[in-house]
Amino acid sequence: MAAMAPLARNVLVTGSNRGIGLELVRQLVESPNPPEHVFATCRDLDGPRGKALQELAAKYSPVRLVQLDAVSLASVQAAVKEVETQLNGKGLNLLINNAGVNSQATLQSAQQEEMLSVFTTNVVGPIQVVKEFLPLLKKAALEAGKDGLSCSKAAIINISSKVGSIELCVKILKAPMYSYCASKAALNMVTRCMAEELKDAGILCTAIHPGWVKTDMGTEKAPLTVECSVQGILNVLASLSQATTGVFLDWEGKSLPW
Ligand code: NDP
């Protein structure tokens with residue numbers, strides 16, 4: 001029997017030293033059909049926060065550790081160079097913009113510096129990362145030599161949040177978190193624009209809400225384990241096509257309103 005194809009041949013995940021990012025890398029490399037390369041990126045590879053990722057990389061050869069701070073253009077550009085070298089002429093099929101920061105700031109407590117910092121990480125970061133990796137994504141799309149859109153061909157996945165939905169957030173939150181909600185609403189807009197702009201280049205772009213997940217950000221109060229959320233996300237990614245570019249889905253594949 002022929003082996004099933006991997007979700008994507010070459011994948012990059014931002015913020016992969018803990019939480020959802022780390023679990024994405026783990027499940028990708030532990031799958032029966034792992035990608036050829038999983039570029040597991042984080043901003044501090046050698047510090048204590050990179051330890052779990054270092055251990056994973058020591059165990060699984062497809063894991064390639066790359067330093068990437070999404071808000072530093074120099075760091076993103078250096079990461080592109082390194083990934084390009086390791087890909088050795090091949091393209092990058094799947095880019096997962098997972099890195100993000102939370103903020104509980106309300107209307108009363110929001111401060112300029114904090115608001116701008118959340119926006120920089122959650123919105124400017126993903127745009128910058130896509131902009132710099134675009135040539136490698138385009139290369140993957142061309143290489144695929146087939147019609148349609150999919151994660152195995154070339155795709156950008158933006159990890160968003162339900163609280164970034166203008167329709168849903170008022171029903172979910174008692175006290176709106178101004179900076180965080182607005183940053184994820186902006187990321188949703190970015191997803192929509194990128195999907196439209198890049199579809200003719202053969203690149204899919206979709207926003208995914210991971211659920212409320214037990215991580216440092218989601219806290220222990222969250223109902224979903226990180227294993228369960230990521231399993232769902234990877235199933236959803238495998239199902240994406242031209243019909244689901246430019247949409248907002250949750251970890252179970254349910255469509256969410258903008
Ligand atoms: P965590 O707080 O557990 O992890 C966040 C990750 O992002 C860390 O690896 C962190 O790295 C990284 N990061 C932060 N800033 C940067 C940066 N400038 N450059 C590179 N990496 C960075 O969060 P989760 O795993 O829970 O969240 C992952 C994504 O899912 C986020 O985008 C979040 O908004 C979204 N999400 C999460 C939900 C939840 O319930 N957990 C719900 C809805 C959405 P470092 O260790 O260096 O800080």
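Ala, Val, Leu, Ile, Met, Phe, Trp, Tyr, Cys and Pro are counted here as nonpolar, Asp, Glu, Lys and Arg as charged, and the others, Gly among them, as polar. By these classes, the shell around the ligand holds 12 nonpolar, 12 polar and 6 charged residues. The model is predicted.

## Ligand site

The shell consists of 30 residues, of which Asn17, Arg18, Arg43, Tyr180 and Thr215 come nearest to the ligand. For arginine 18, a polar side-chain atom lies 2.7 Å from an oxygen atom of the ligand. For arginine 43, an N or O atom of the side chain is 2.8 Å from an oxygen atom of the ligand. For asparagine 98, the atom concerned belongs to the backbone: a polar atom there is 2.8 Å from a ligand oxygen. The ligand exposes 900 Å² when taken alone, and 96% of that is buried by the protein.

Two elements give two or more residues to its shell, namely helix H1 (19–30) and helix H6 (178–198).

Glycine 19 is placed in helix H1. Its relative accessibility is 28%, so glycine 19 counts as partly exposed. Between glycine 19 and arginine 49 there are 30 residues of sequence separation, and their C-alpha atoms are 11 Å apart in space.

Serine 179 belongs to helix H6. With a relative accessibility of 7%, serine 179 is classed as buried, because the limit for that class is under 20%. The side chain of serine 179 makes a polar contact of 3.1 Å with the side chain of glutamate 114.

Isoleucine 172 is part of helix H5, which spans residues 169–172. Isoleucine 172 is partly exposed, at a relative accessible area of 41%.

## The loop between H4 and S5

Cysteine 151 sits in the loop that runs between helix H4 (112–144) and strand S5 (155–159). Aspartate 147 is also found in the loop between H4 and S5. Which of the two classes, buried or exposed, applies to cysteine 151? Its relative accessibility is 2%, so cysteine 151 counts as buried. Aspartate 147, in contrast, is exposed, with a relative accessible area of 78%.

Aspartate 147 and glycine 202 are 55 residues apart along the chain, and 7.8 Å separates their C-alpha atoms.

The C-alpha separations are collected below.

| Residue pair | Sequence separation | C-alpha distance |
|---|---|---|
| Glycine 19 and arginine 49 | 30 residues | 11 Å |
| Aspartate 147 and glycine 202 | 55 residues | 7.8 Å |

## Positive phi angles

Asparagine 88 is a residue other than glycine with a positive phi, near 50 degrees. It is placed in the loop between helix H3 (73–87) and strand S4 (94–97). Asparagine 88 has a relative accessible area of 66% and is therefore exposed, the cut-off being over 50%.

Threonine 219, likewise not a glycine, has a positive phi of about 65 degrees. This residue is located in the loop between strand S6 (204–209) and helix H7 (226–239). Its relative accessible area is 33%, and threonine 219 is accordingly partly exposed.

Notes. Residues numbered from 1 in each chain as written. Predicted model: local features only at pLDDT ≥ 70, side-chain atom pairs only at ≥ 80, totals over all residues. Heavy atoms only, no water. Near = heavy atom within 4 Å. Polar contact = N/O pair within 3.5 Å; in protein donor to acceptor, adjacent residues only side chain to side chain. Areas by Shrake-Rupley, 256 points an atom, 1.4 Å probe, with all protein chains shown as cover. Helix = DSSP H or I, 4+ residues; strand = E, 2+ residues; numbered from the N terminus. Buried < 20%, exposed > 50% of the residue type's maximum accessible area, 1.4 Å probe, protein only.
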